[in-house]
Amino acid sequence: MLAIRVSLAERFAYARAMNVLGEQAATLPEVDPQRPSEARIYNFLLGGKHNFAADRQAAAAARGAMPDLPAIVRLNRQFLSEAVRLATEAGVDQFLDLGCGIPATGNTYEVARRLNPASRVVGVDLEPVAFVHGRRQLAGDPAADVLYADLLDAGEVLAARPVRDLIDLDRPLCLLLVAVAHFIPDTALLTEALGTYRSAVPAGSLLALTHACRKGPSPRVEQVRRLYNNATAPLIARDVAETTALFGDWNLAEPGVQSFGEWCSAPGRQCESDTAGKAFLVGVAVKP
Ligand SMILES: C[S@@+](CC[C@H](N)C(=O)[O-])C[C@H]1O[C@@H](n2cnc3c(N)ncnc32)[C@H](O)[C@@H]1O
């Protein structure tokens, strides 16, 4: 296979961003710019700058197989914004964004701060590029940080420094998993981790999640799945029942787990969908 050119400017931008980490930079794994990652593909689809040529090629191939993909990504952003609004209106001002991704316009931090400047936000991601650029974006902000960790290590995430320092586990918080759970094929591990988060947070906390939807055999979804499986993470679509099960005994807000299109048309929602909103499932729930 031909090596994909990585420009000096791209390498330099990443190296410069790593400066904010100081000694911690040495503990991060090397990033292979030849191998696409779902975080960088998503960043490109969101119009972000922190991606390499291999990611852009993978995004173009995925878009070829599923032309709605950029619209799906944009609508996931709308969901994120609406979930943060619902949480803020419920009086929640702390956000733990699991699989926060690489900073791009409309991220959790931006939306939460716009709605309530006192919000505290901690992102968690296992993609070094997400961690490095997240840290760079938030440098100097005492109420927001990013943790480099696997969200499946829930106990470690909850005990880690930025979470302990910024999130008060005695007060309700909002857990977000936007476009993340479908990169975790092991349902048992995911369920166990979600159970740990659930036990750690008080009643009144929210869980907001989006998920690639499996509605039956679809050659397009299968093609995109294969493309992602060649990147750094496998993609697994789940159906409504499987996605609902991820919420366990949290109380799902009306209309339960639905396509984004259906969810958006529920009374009181301030979001708008289009046909691409049929392609993924969403839900927001409150801990009883
Ligand atoms: C498609 S992106 C979505 C990013 C972000 N939630 C958003 O809405 O913009 C998925 C993100 O989840 C991260 N991710 C996947 N599996 C993860 C895991 N087990 N722990 C932490 N992050 C994970 C990826 O690195 C990537 O940044």
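Two residues are in contact if their C-beta atoms, placed from the backbone, lie within 7 Å. By that criterion, and leaving aside neighbours within four places in sequence, leucine 206 is in contact with Ala87, Ala90, Val92, Cys174, Leu175, Val284, Ala285 and Val286. The structure is a predicted model, in which local features need pLDDT of at least 70 and side-chain atom pairs count only at pLDDT 80 or more, whereas totals for chains, interfaces and linings use all residues. Residues are numbered from 1 along each chain as its sequence is written.

**Overall architecture**

The protein has 12 helices and eight strands, where helices (H or I, at least four residues) and strands (E, at least two) are DSSP runs numbered from the N terminus. Its radius of gyration, taken over C-alpha atoms, is 18 Å, close to the 19 Å that the globule rule gives for 288 residues, so the protein is as compact as a globular protein of that length; the rule itself is 2.2 Å times the number of residues to the power 0.38. Along the principal axes, the C-alpha trace spans about 50 × 45 × 35 Å. Of contacts between residues at least 6 apart in sequence, 73% join residues at least 24 apart.

The protein is divided into domain 1 (8-65) and domain 2 (69-215 + 233-286), with bounds that come from an automatic or database domain assignment. The C-alpha centres of domain 1 and domain 2 lie 22 Å apart, and the contact takes 21 residues from domain 1 and 22 residues from domain 2. On the side of domain 1 that touches domain 2, α1 (8-18), α2 and α3 (53-65) each supply at least two residues, and α2 gives the most, with six residues. By class, this side of domain 1 has 13 nonpolar, five polar and three charged residues, where Ala, Val, Leu, Ile, Met, Phe, Trp, Tyr, Cys and Pro count as nonpolar, Asp, Glu, Lys and Arg as charged, and the others, Gly among them, as polar.

**The ligand shell**

Of the 22 residues around the ligand, Ala39, Gly99, Gly101, Glu127 and Val178 come nearest. The shell divides into 15 nonpolar, three polar and four charged residues, and it draws at least three residues from each of domain 1 and domain 2. Among the elements, α2 (38-45), α4 (69-89) and β2 (120-125) each supply at least two residues of the shell, and the largest share, three residues, comes from α2.

**Burial and the nonpolar core**

A residue is buried if 20 or more other C-beta atoms lie within 10 Å of its own, exposed if 12 or fewer, and partly exposed in between, with C-beta atoms placed from the backbone. Of the 288 residues of the protein, 47% count as buried. A nonpolar core is a set of buried Ala, Val, Leu, Ile, Met, Phe, Trp, Tyr and Cys residues joined through C-beta atoms within 7 Å. In the largest such core, which has 89 residues, Cys174, Leu175, Leu176 and Leu206 touch the most other members. Helix α4 gives the most to this core, with nine residues. Domain 1 and domain 2 both give residues to this core, so it lies between them.

In helix α5 (residues 108-115), the buried residues are Thr108, Tyr109, Val111 and Ala112, and they pack against α4, β1 (94-98), β2, α6 (128-138), β3 (144-148) and β4.

**Individual positions**

| Residue | Burial class | Other C-beta atoms within 10 Å |
|---|---|---|
| Alanine 179 | buried | 21 C-beta atoms |

Alanine 179, placed in the loop between β4 (174-177) and α9 (187-200), has a positive phi of about 60 degrees although it is not a glycine. The peptide bond from glutamate 254 to proline 255 is cis, with omega near 5 degrees, and proline 255 lies in the loop between β6 (251-252) and β7 (258-259). Most residues other than glycine have a negative phi, and most peptide bonds are trans.

Alanine 160 lies in the loop between α7 (154-159) and α8 (161-166) and, not counting residues up to four places away in sequence, touches Leu147 and Ala149. Arginine 161 has its place in helix α8, and its C-alpha atom is separated by 36 Å from that of aspartate 239, 78 residues apart along the chain.

Key:
A residue is near a molecule or strand if its C-beta atom, placed from the backbone, lies within 6 Å of it.
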